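This briefing is for a reader who is meeting the structure for the first time. It goes through the topics one by one.

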Amino acid sequence: MTRVLVVHHTPSPSLHELLGAVVEGAGTDEIEAEVAVVRRPALTAGAADALACDGIVLGTPANIGTMSGALKHFFDQIYYPCLDATAGRPFGLYVHGASDVAGAVRDVLRITGALGWEQVAEVCESTGEIGSAEREAAWELGATVALRAAERTGSSDA
């Protein structure tokens, strides 16, 4: 079974909508593999979660020009235990902000790059209200990470 870990900081209704769409996409029946979607708040997710998964989706608000402190805490906890062990792991990112998410995206990509994770989908960036286009992009993000994780582990016929 393929395990997709969704590490998120979800303090707003907008982020809750995106999280729901990501989880739904990652668990879609359109992927011809068994996928277990494991959701963990960023403040409680740790190295054991990251080591046990086959793909990761990260979700954060853009706070004061960067990722949330909760997601940074996650990275602080997993960095050294996962540095070599998770290299090549497929991942995706969604970020929501009031007006600008560029700093948050930059900072997350810098850390995931140092970890050697493989970005398998465009970042799902959104500002303001969440509409159908944002929900669809988040769904696609979850599905893409799940599919790439299943392909990587050899559990997908796609």
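Strands are DSSP runs of E with at least two residues, and they are numbered from the N terminus. Proline 41 has its place in one of these, strand S2. The model is a predicted one. The points below cover strands and loops, a charged surface patch, salt bridges and cysteines.

**Strands S2 and S3**

- Proline 41, in strand S2, counts as partly exposed because its relative accessibility is 39%.
- Threonine 60 lies in strand S3, and at 0% relative accessibility this threonine counts as buried.
- Between proline 41 and threonine 60 there are 19 residues of separation in sequence and 10 Å in space, taken from C-alpha to C-alpha.
- Threonine 60 can also be placed relative to valine 105: the two are 45 residues apart along the chain, and their C-alpha atoms are separated by 9.3 Å.

**A loop residue with positive phi**

- Isoleucine 64 sits in the loop that runs between strand S3 (55–61) and helix H3 (69–82).
- The phi angle of isoleucine 64 is near 50°, a positive value in a residue that is not glycine.
- Isoleucine 64 is exposed, as its relative accessible area is 89%.

**A negative surface patch**

- Which residues form the negative surface patch? They are Asp29, Glu30, Glu136 and Glu140.
- Glutamate 30 belongs to the loop between helix H1 (13–26) and strand S2 (35–41).
- With a relative accessible area of 63%, glutamate 30 is exposed.
- Glutamate 30 and leucine 147 have C-alpha atoms 9.3 Å apart in space, while in sequence the two residues are 117 residues apart.
- Glutamate 136 is part of helix H5, which covers residues 132–153.
- Glutamate 136 is likewise a patch member, and it is exposed, with a relative accessible area of 53%.

**Salt bridges**

- How many salt bridges does the structure hold? There are 7 salt bridges, among them the pairs described here.
- Aspartate 76 and lysine 72 form a salt bridge in which the closest N and O atoms are 2.5 Å apart.
- Both aspartate 76 and lysine 72 lie in helix H3, 4 residues apart, which is about one turn of the helix.
- Aspartate 76 is partly exposed at a relative accessible area of 47%, and lysine 72 is partly exposed at 36%.
- Glutamate 151 forms a salt bridge with arginine 148, and the closest N and O atoms of this pair are 3.8 Å apart.
- About one helical turn separates glutamate 151 and arginine 148, because they are 3 residues apart in helix H5.
- Glutamate 151 has a relative accessible area of 36% and is partly exposed; arginine 148 counts as partly exposed at 30% relative accessibility.
- Salt bridges that share partners also join Arg106, Asp107 and Arg110 into one network.
- Aspartate 107 and arginine 110 are 3 residues apart in helix H4 (residues 102–115), so about one helical turn lies between them.

**Cysteines**

- A disulfide is a pair of cysteine sulfur atoms within 2.5 Å, and by this rule the count comes to 0 disulfides.
- Cysteine 53 is in no disulfide: the nearest cysteine sulfur belongs to cysteine 82 and is 8.2 Å away.
- Cysteine 53 has a relative accessible area of 4% and is therefore buried.
- Cysteine 124 is in no disulfide either, and the nearest cysteine sulfur, that of cysteine 53, is 19 Å away.
- Cysteine 124 is buried, since its relative accessible area is 5%.

Conventions: Residues are numbered from 1 along each chain as its sequence is written. This is a predicted model: local features need pLDDT of at least 70, side-chain atom pairs count only at pLDDT 80 or more; totals for chains, interfaces and linings use all residues. Side-chain values use heavy atoms; hydrogens and water are left out. Patches are made of residues with over 30% relative accessible area and no salt bridge: like charges are joined within 9 Å, nonpolar side chains (Val, Leu, Ile, Met, Phe, Trp, Tyr) within 5 Å. Accessible areas come from the Shrake-Rupley method with a 1.4 Å probe; for residues, only the protein chains shown count as cover. A salt bridge is a side-chain nitrogen of Lys or Arg within 4 Å of a carboxyl oxygen of Asp or Glu. Lys and Arg count as positive and Asp and Glu as negative; His and the chain ends are not counted. The place of a charge is taken as NZ of Lys, CZ of Arg, CG of Asp or CD of Glu. Buried means under 20% relative accessible area, exposed over 50%, partly exposed in between (1.4 Å probe, protein chains only).
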